[in-house]
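Here is a friendly walk through one model, with its helices, its cores and a piece of its surface. Have a look at the structure, then read on.

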Amino acid sequence: MFLRRVARPLMMMAKVKETTGIVGLDVVPNAREVLIGLYTKTLEEIKAVPEDEGYRKAVESFTSHRLKVCQEEEDWEAIEKKLGCGQVEELIEEAQDELKLIGHMNEWKPWGIPDDYECEVIENDAPVPKHVPLHRPGPLPEEFYKTLEAVDTGTLKDAISSSEKKDPEITSGEAQAQ
């Protein structure tokens, strides 16, 4: 009886998450502390990657931001809202996956490839079945190449002024109302 009188108001003050609403993803009651620990560990382990690598810069950037938010906010709802990257339980899974990836990256060392390294290109001349889309973009409009050439030659202002003097072309196939 005593516990009900004391515990119920405390429980009402603290927002308790009952479910994530995602199958297989359980609620983590101390998600903030878990995230702070994972982000701190990530920032330590990423130091094994060379400083000038883009991967390290990206990981340090978003992990530092997320760690700062977790340290500033006490409530899991505020963390989720401020980061806008899903639920705290999803963020925990992402942080765990990032730690695994850092381990793989340190093992594979993709940044250690010499500049003169040549890889074998295997071409497959087999015809693509008709039901498989090729996903090849169509040719770019001729105006794109003219603009690109104007940028390269430094005559972009001339190209813009000459295109503004012309009447716009009809591209929809509909007749222009006169």
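This is a predicted model: local features need pLDDT of at least 70, side-chain atom pairs count only at pLDDT 80 or more; totals for chains, interfaces and linings use all residues.

Helix α5 covers residues 88-108; helices here are DSSP runs of H or I with at least four residues, numbered from the N terminus. The expected span of a helix is 1.5 Å times one less than its number of residues. The table sets this value beside the distance between the end C-alpha atoms.

Residues are numbered from 1 along each chain as its sequence is written, and side-chain values use heavy atoms, leaving out hydrogens and water.

Which residues of α5 are buried? They are Val88, Glu89, Leu91, Ile92, Ala95, Glu98, Leu99, Ile102, Met105 and Asn106, where buried means under 20% relative accessible area, exposed over 50% and partly exposed in between, with a 1.4 Å probe and protein chains only. These buried residues pack against α2 (31-45), α3 (54-72) and α4 (76-83). Just after α5, Lys109 has a positive phi of about 50 degrees.

In α2, the buried residues are Ala31, Arg32, Leu35, Ile36, Leu38, Tyr39, Thr42 and Leu43, and they pack against α3, α4 and α5. Glu33 also lies in α2, but it counts as partly exposed because its relative accessibility is 46%. The C-alpha atoms of Glu33 and Gln71 are 8.9 Å apart, although 38 residues separate them along the chain.

Now to the cores, meaning sets of buried Ala, Val, Leu, Ile, Met, Phe, Trp, Tyr and Cys residues joined through side-chain atoms within 4.5 Å. The largest nonpolar core holds 16 residues, and Leu35, Tyr39 and Cys70 have the most contacts inside it. At least two residues of this core come from each of α2, α3, α4 and α5, with α2 giving the largest share, six residues. Leaving aside residues up to four places away in sequence, Tyr39 touches Thr63, Arg66, Leu67, Cys70, Leu91 and Ala95; contact means heavy atoms within 4.5 Å. Another core, of six residues, lies apart from the largest one and includes Tyr55, Val59, Ile102 and Met105.

Finally, Phe144 is found in helix α6 (residues 142-153). Phe144 counts as partly exposed because its relative accessibility is 39%.
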